[in-house]
Amino acid sequence: MSEKKAVGKKFSRRDLFRVTGAAGAGLALGAGGYAALGGAADARDAGDEASVMPDLRTVAFHDTHQAGIATAQQEHLHFAALDLVTREATEVRDLLRAWSEAAARMMRGEAAGDDNYSEFLPPEDTGEAFDLSPARLTLTFGFGPSFFQKDGEDRFGLGGARPDALAPLPPLTGDVLDEGRSDGDLCVQACADDPQVAFHAVRNLVRISRGLAVVRWSQLGFGRTASTSKAQATPRNLMGVKDGTNNIKAEDGDLMNRHVWVPEEDGPLWMVGGTYLVARRIRMLIEVWDRVSLGEQEASIGRHKYSGAPIGKKDEFDPVDLKATDENGEPLIAPDAHVRLARQSDEEKILRRGYSFTDGFDAERGQLDAGLFFISFQRDPHKQFVPLQQRLAANDRLNEYIRHTSSALFACPPGAREGGYVGEGLFQKS
Ligand code: HEM
């Protein structure tokens with residue numbers, strides 16, 4: 001097979017894996033056979049049937065809502081916030097169109113662009129995902145408040161289209177924010193079950209934006225810290241506790257409609273069917289947490305560490321009873337326990353979809369720089385995330401063990417129709 005055919009216009013990593021998957025399932029293809037199929041099999045996996053069985057699942061890009069929100073949460077994250085350097089609204093529109101086209105391809109398991117095979121031009125895809133499965137890649141795009149207004153300037157003549165819900169978040173008690181790691185004009189959230197697939201997607205989108213936008217900050221995440229589907233087990237965050245038990249699940253269409261997707265009555269029109277993303281890089285003071293007793297750890301959360309059950313209960317999914325008391329009449333769930341203060345009124349319910357992160361070591365303090373990259377989706381962050389976080393910031397016992405070090409807010413429009421692009425409604429309005 002020629003190089004051009006293997007990585008050609010219709011090149012699909014999914015198709016390639018259908019063949020290698022069949023091989024793994026019993027077709028007697030030796031290592032040479034894999035090599036002949038374009039080198040799809042990883043040499044490390046040769047002879048190991050289980051590890052060459054590919055994950056062919058893909059998530060549709062063209063849909064009512066953007067992918068990566070109600071999608072059962074994948075294991076890895078690469079999040080990037082970008083600042084626009086162009087001053088031309090038409091160039092921004094063209095960038096969003098190009099991003100949507102590339103995103104649809106990559107989510108199908110294809111290369112980011114059609115290659116022209118010119119030896120004088122860089123390839124249209126950087127190549128590091130050619131031999132990988134689609135890994136349920138999702139790409140989610142958003143607009144930050146600064147997209148509409150920066151330093152008092154309506155940069156693209158779209159200031160009037162900024163939703164009230166996208167007003168910048170107010171200062172929140174306890175925040176020690178690094179500005180360079182906060183905010184941004186645009187965001188891309190890449191989630192996948194393979195970290196290299198997520199990295200590849202962000203890298204190629206950034207490459208496509210060259211000359212128009214620059215990366216302001218980015219964050220890698222490993223290990224989801226929520227379950228967003230009833231089919232998923234609850235994972236543990238880096239404090240070793242189950243996280244995501246009392247989360248909205250995508251199967252709860254009614255809750256998603258009430259709390260996550262922007263309804264017509266909220267408007268503006270270009271955001272109907274969209275949602276707002278809040279990202280907070282929350283560093284855990286891991287060394288401090290690791291030195292406190294199991295009893296203190298459980299009291300801080302309000303749940304037992306191993307079972308995930310509310311204090312005094314047995315099962316993870318037993319209801320949280322905030323009125324329950326011990327034999328001395330003391331509340332079983334402490335007044336400052338995280339789950340007590342995070343108890344949401346009906347209007348405040350959010351969809352949590354965060355990831356664990358580590359950025360290595362803080363050499364100054366000799367401590368791990370790691371924690372929770374909190375992501376939540378909601379129909380109005382000022383009515384949902386803000387009051388919730390204000391309550392937590394004021395009294396949460398967890399505050400002794402965490403620091404919010406970055407913050408960002410983005411408006412994620414609805415999904416794109418076939419032939420359309422994410423954010424199209426914003427430019428049609430103008
Ligand atoms: C590093 C910081 C945090 C850690 C370690 C953490 C951990 C947890 C854990 C272990 C639970 C119990 C299991 C569950 O129901 O998911 C929980 C619940 C929850 N957390 Fe957090 N969380 C953190 C930050 C936040 C923030 C910033 C918010 C929102 C502002 C938040 C909102 C919630 C909500 C809404 C619940 C469900 C409460 C309920 O209804 O029972 N958490 N969190």
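The tour starts at the ligand and then moves to a helix and its neighbouring strands. This is a predicted model: local features need pLDDT of at least 70, side-chain atom pairs count only at pLDDT 80 or more, and totals for chains, interfaces and linings use all residues. Residues are numbered from 1 along each chain as its sequence is written.

**Stop one: the ligand.** Select the 29 residues around the ligand; T245, N246, A342, L372 and Q389 come nearest. (Near means a C-beta atom, placed from the backbone, within 6 Å.) Now colour strand 5 (275–284), helix 11 (338–341), strand 8 (367–378) and helix 12 (385–395), since each gives the shell at least two residues. Helices (H or I, at least four residues) and strands (E, at least two) are DSSP runs, numbered from the N terminus. Helix 12 supplies the largest share, four residues.

**Stop three: the strands.** Which strand pairs with strand 1 in the antiparallel sense over nine bridges? Strand 4 does; two strands pair if DSSP finds at least two bridges between them. Zoom in on L82, which stands opposite V215 in strand 4. Strand 4 also runs antiparallel to strand 7 (residues 355–362), joined by two bridges. To finish, pick F222 and look for its bridge partner in strand 7, S356.
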